[in-house]
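Here is a colleague's note to read with the model open. Take the points in order and find each residue as it comes up.

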Amino acid sequence: MSEVINHNGKIVADQRPADDIAGQSPLHHADLNSLASQGPQTGGVTIQERPLQGLLNLRCNKADKKQVTAVKKLLGVALPCDPLSSASNDDSVIRWLSPDEWLVSVDGAKAFELEAAFQANMPGHYSLVNVSGGYTILEISGDHAVDVIKKSAPIDVHQSSFPNDKVVSTVFAKSGAIIRRIAEDHFELIIRRSFADYLWIWLQDASREYGLVVKR
Amino acid sequence: MSQDNRLKSGGRIDRSKPLYFVFNNVSYTGYQGDTLASALLANGVDIVGRSFKYSRPRGIVTAGSDEPNAVIQLGSSEATQTPNVRATQQELFEGLVASSTNGWPNVNVDAMGLVGKIGGKMMPPGFYYKTFMFPQSLWETYETFIRKAAGLGRSSYENDVDTYDKINQFCDVLVVGAGPAGLAAALTAARGGARVIIADEQSEFGGSLLDSKQIIDGKPAAEWVSEVVSELATFADVLLLPRSTVNGYHDQNFLTIHQRCTNHFGDQAPANQVRERMHRVRAKRVILATGAQERPLVFGNNDLPGCMTSTAISTYINRYGVAPGKNLVVMTTNDYGYQAAIDWHDAGREVSAVVDTRANVQGRCVDEMQARGIRIISGSAITEVHGSKRVKAVTIAPINADGSAVAGPAAKWKVDTVASSGGWSPAVHLSCHTGSRPVWKEDIIGFVPGPTVQEQLTAGGINGCYETGAVLKQGIDAGLTALQELGLNEVTVAVPSAEDLSRTPAMPLFLVPHKKPTSRAPKQFVDYQNDVTAAGIELSCREGFQSIEHVKRYTALGFGTDQGKLGNINGMAIAANFQNKTIPETGTTVFRPNYTPITFGAIAGRDVGSLFDPKRYTAMQPWHIAHGAKFEDVGQWKRPWYFPKAGESMHDALNRECKATRESVGILDASTLGKIDIQGKDAREFLGRVYTNAWAKLAVGKCRYGLMCGEDGMVFDDGVTSCLAENHFLMTTTTGGAARVLEWLEIYHQTEWPELEVYFTSVTDHWSTMTISGPNSRALLAELTDCDLSNDSFGFMDWKAATVAGVPARIFRISFTGELSYEINVQANYGLHVWEQLFAKGEKYNLTPYGTETMHILRAEKGFIIVGQDTDGSIHPHDLGMSWAVADNKPFSYIGKRGMAREDCVRPDRKQLVGLKTTDPLVVIPEGSQGVFDPNTPIPMPMVGHVTSSYWSENLGHSIAMAFVKGGLSKMGEKVYYPQADGTVIEAEICSPVFLDPKGDRQNV
Amino acid sequence: MLHIFCPHCAEYREEEEFHSKGQAHLARPLDPEACSDAEWGEYLYFRKNPRGIHHELWIHAAGCRKFFNMTRDTVTYEIKETYKIGEKPSVTAQS
Ligand SMILES: [Zn+2]
């Protein structure tokens, strides 16, 4: 029987099975590990999947000081309240999605722990929803990473308007993505599970003229 | 053939790199640096096509994107066929194969002339207009004829082998055109720290300076150009785009640039490279430095090969080392036209004369002619050209001061080339794309950009400024203005020195007079591409068309793929003169995107083939593929439709899947259903407002079905919502409605009821959902869970958290088949694992996968609706016989309540959803069939509603259907008839749509 | 292609990230039952179609998923302002 905590009229549950059952990311079928070992080792664009991360969608009120204080305590990082910003420490990244919405990523095995901690300590009206199964994270880097983003999303990725740690939710090809800049030539894309195959084909196609390297 | 017209030296071509090419099946040689047009001219190819209406031989007229005649078909193989390529823009490459698009059977043979002449008579001005008045059926005949004659080219019958790309760009300053103004503007902006994009349609930057012998800052113009380009290339934030046409200027400074990345290398792009790229640019400031285009004059037989614009002559000589003839006569209304004579003479060829339409010619151009011994014939014009396939002679006659009539005896001169210059037309097209009307300026005899709401600056020729020094200054000023407006660095940029020549005023002349009236004179062409003549324009005016917009539509002036770049102003002037009006009085035409034709490849980009539209998959997709599923598109989702076994027809497979589910257990991948997590103390209240039924008392652990309506009372979605905890719910929606429902909840929360404490989060992709259904579903599930599945502890419409196959799950005991059913939700990363474990245990229960089609049949046996199939936006819950799902006693006036109460919604004779049993149980009524109460009434029979769902039910042994019937809910047992297209009539009896297990015993076990 | 300033994201974004939801400032009647059929029909179906200044409801669909209002000139397509739900436009046809 899985652990379910019912508190304040809401439930959280550990959604992960025991370690002997391996999870399959949305790009499991693409077998990126084989591509990483057998494919080209140099190129203008490098793509690496960060599968099976814990992703939690947080809704709360940034004007509620008690909530903001509680979030900082729970995550060890202050809630990034400026539009399109993010904050991170060794354990987690918090991305601003809208004035009352954030996406928190943590190690996949830590998601439930964090959910339970919020359940116990977060005051007021909020919601924290585990969406780990609904997305996967891709990191795209290299000299031409910027070009691939420019081909895919209608956003200005110049450093002056898209500095490191900025986050945007936007159109990506004919789907969408949450894009965060990690470093000058290094981006994180969070994409929906059901669109992952389409976007993987897209990224391969858009990267072809620069040479694509898959990293594990 | 040798390059007879190629000069020994000069030009920007590389004579050490010969290139072989084929035009109209003949092999030729050109050089690296040629365009197809310059190479054809070098080889003495006069005729490049035949005209659209009259089939007259046509030659190259210009050296740029304004070319009306040399529009060719490119491609050495079927897959690389490209229509609508201007030979004047296509760079030559080794092995290029091109052909005329409008010569049939052959441009040099006049056989087509016969057909063409008939065509000419059949297509007087107003042809389009008159043709459209014909019945539709005739238009198809005409269209074929026009297409063949018009030579619009053709696309390939095979897939394009190349990749096309789109890219989004953002910049401070987009400079359009890299002539003197554009280069000066870009350099200024770049030095001030702006992010700059500069685009030019030509293969090299420099614009008119590449054709010029001018000195800038003490050095040849081309040298100045290369220094500026080198400096621009040093800025990290400057993007240089040669071979890139800014084709569209859209709202709020959004512009599209069509870059031909590799078209100059060959028919096909080099491996992994992109052929063409569409840049989608958002620019804070746009500087239009598009220059101006020379207007040819309109005179008799002015379309004969050998007649060109005077700048084209200079360009071919100076840039390509080609003098396209032996003996030149120039006709000009202005000083600029003299340059062609100077360049021709300096290239060592003979200039017979310069015919100046002005009576008094003075100043520098006179000196230049005297120095070269070239005769000037002033106050005169070339009224007519003679020849059949090439100019052989011209008639020169004196004209009166305003150019309206021939004023004396004519003389015939033998020449083979005619250059004409009617002055400059600023290239205002882009400025007009966003709706700005150009403004006529008498002093420059041309239109300049009018007032605009765009953040647009202009510099150089587009403003009617043509002297290089002044043009450079305008470019710098535009750059400085942009910097200042954008708050960027101030810079000082010295204006390069350039000799500004004093000029005598030009004469406003468009149509050269002929001794005969226009209607009788030899054809005087205004629009070469559409064969519009001065006589045609005058005829349209006589027929009562006054506005230039009407004249255009009547004559097809400017309707070609060149958008009338050469002819529009002449046409407007001729129409205005004929009506004794000014050009502004007859109105200006509107230019629309695109500036030049663009390939479908560039428009489509990468959104082709498997990337045309996203395909969405569930976590179980690999299993579905491995087990032979046939797929159905549901929105962007690929859902298994049915799972045929070897040799099975669809019908067989459905019968098997339906029976197996009712008799033992079937399984459906239901992951595509929309799922929304709803939390907050007002969640329950919110549900009560958006669903038609009551939610106040739904207990924790319970599930409930709900209908969602619009404010008009019409059903737009449905689904089951479960109470996870007191303030925590999980809503499910239809597959197609997921995004719409979430937005629906948000719009009410954000705009109407922000005070309600509730948050919505989409979890559609997070959960994999698999439904096991059938009498053995409990036994199967029991093999994989410790959860107590007994009916007493886990009843119908309950949900429980439990572990299934080792994975934490939420199990919902809900049913869309009417059978004992469990909907198992697990985090999607474990969906395939659980699915496979169910099959591992399912063999002894004959666990049968089924798809959407069996799902549809099974639910129809139970009379369950599918929103969008059994509803269409005009159906409220009572129409569906679902009044049980409406709770009008709720305190809040829920969405749809007031709508349902409208007078029209309470009529007793509304179309209502009922079941149908056909009299012949084997007949399945086609879905969409319209019902009538009396099949013997005369046509048109009063129709009483259509069949929404109709299937063969293997379980029941007869067909079943659901249909709308007027007042149907009170007509149980009555007959309704469905006349078919083949004349047969299907008879059916109105019944309850619940065909199977009306008491629900099967799902409550 | 409009260039739209999202008041929630506080930056300009391309039109393809947004959906227009029609006329702004349509308040749901507080007591729908008290509306006559004509009044309810007015709320449901009747919309302005001005030449010039118009107030529209938009959603930043691919971005923050928040609704906001826009004052737009339907002739020139100029966006005069965007403002959050609950705020009043500062540019109106009268002003
Ligand atoms: Zn936004």
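**Notes on domains, interfaces and cavities**

1. Start with two domains of chain B. The centres of domain 2 of chain B and domain 4 of chain B, taken over C-alpha atoms, are 28 Å apart. Domain bounds come from an automatic or database domain assignment. That assignment divides chain B into domain 1 (14-150), domain 2 (163-289 + 426-485), domain 3 (296-422 + 506-516), domain 4 (524-598) and domain 5 (907-1005).

2. Some ground rules. This is a predicted model, in which local features need pLDDT of at least 70 and side-chain atom pairs count only at pLDDT 80 or more, while totals for chains, interfaces and linings use all residues. Residues are numbered from 1 along each chain as its sequence is written, chains are lettered from A and ligands numbered from 1 in the order in which they are written, and side-chain values use heavy atoms, with hydrogens and water left out.

3. How do domains 2 and 4 of chain B meet? Contact (heavy atoms within 4.5 Å) involves 17 residues of domain 2 of chain B and 17 residues of domain 4 of chain B. Together they bury about 1,500 Å². Buried area is the accessible area (1.4 Å probe) that two parts lose on being put together, summed over both. Carbon and sulfur atoms account for 70% of the area between these two domains. The number of salt bridges between them is zero. A salt bridge here is a side-chain nitrogen of Lys or Arg within 4 Å of a carboxyl oxygen of Asp or Glu.

4. Next, the interface of chain B and chain A. It takes 61 residues from chain B and 60 residues from chain A. The two chains bury about 5,100 Å² between them, with 55% of it on carbon and sulfur atoms. On the chain B side, Tyr759(B), Asn829(B) and Tyr830(B) lose the most area to chain A, together 15% of what that side buries. Five salt bridges cross this interface. In a salt bridge between Asp156(A) and Arg195(B), the closest N and O atoms are 2.8 Å apart.

5. Chain C also meets chain A. The contact uses 13 residues of chain C and 16 residues of chain A. About 1,100 Å² is buried between chain C and chain A, and carbon and sulfur atoms give 51% of it. Three salt bridges are found across the interface. Look for Lys66(C) and Asp100(A): they form a salt bridge with the closest N and O atoms 3.0 Å apart.

6. Chain C itself has one helix and six strands. Helices (H or I, at least four residues) and strands (E, at least two) are DSSP runs, numbered from the N terminus. Along the sequence, the pattern is β-β-β-α-β-β-β. The C-alpha atoms of chain C fill a box of roughly 40 × 30 × 20 Å along the principal axes.

7. Over all chains, the structure holds 69 salt bridges. One pairs Arg684(B) with Glu726(B) at 3.3 Å, N to O. Arg684(B) sits in helix H19 (residues 683-690) and Glu726(B) in the loop between strand E36 (715-725) and E37 of chain B, so the pair ties together parts that are 42 residues apart in sequence.

8. A cavity is a set of points on a 1 Å grid, over the protein atoms alone, where a 1.4 Å probe fits but cannot get out; lining residues have an atom within 4 Å of a point. Points are joined across faces, edges and corners, and a volume is the space filled by probe spheres set on the points. The whole structure has 12 cavities of 30 Å³ or more.

9. Which residues are closest to the centre of the largest cavity? Of the 16 residues that line it, they are Gln15(A), Val129(A), Asn130(A), Asp677(B) and Arg810(B). The volume of the largest cavity is about 130 Å³.

10. The second largest cavity has a volume of about 110 Å³. Its lining has 13 residues, with Ser425(B), Pro426(B), His429(B), Ile569(B) and Phe591(B) nearest its centre. This returns us to point 1: domain 2 and domain 4 of chain B each give at least three residues to the lining of the second largest cavity.

11. Last, check the backbone. The peptide bond from Pro593(B) to Asn594(B) is cis, with omega near 0°. Another cis peptide bond joins Ile939(B) and Pro940(B), with omega about -5°.

Key: 1 Å grid on protein atoms, 1.4 Å probe; cavity = no way out; pocket = protein on both sides within 12 Å on 5 of 7 lines; lining within 4 Å.
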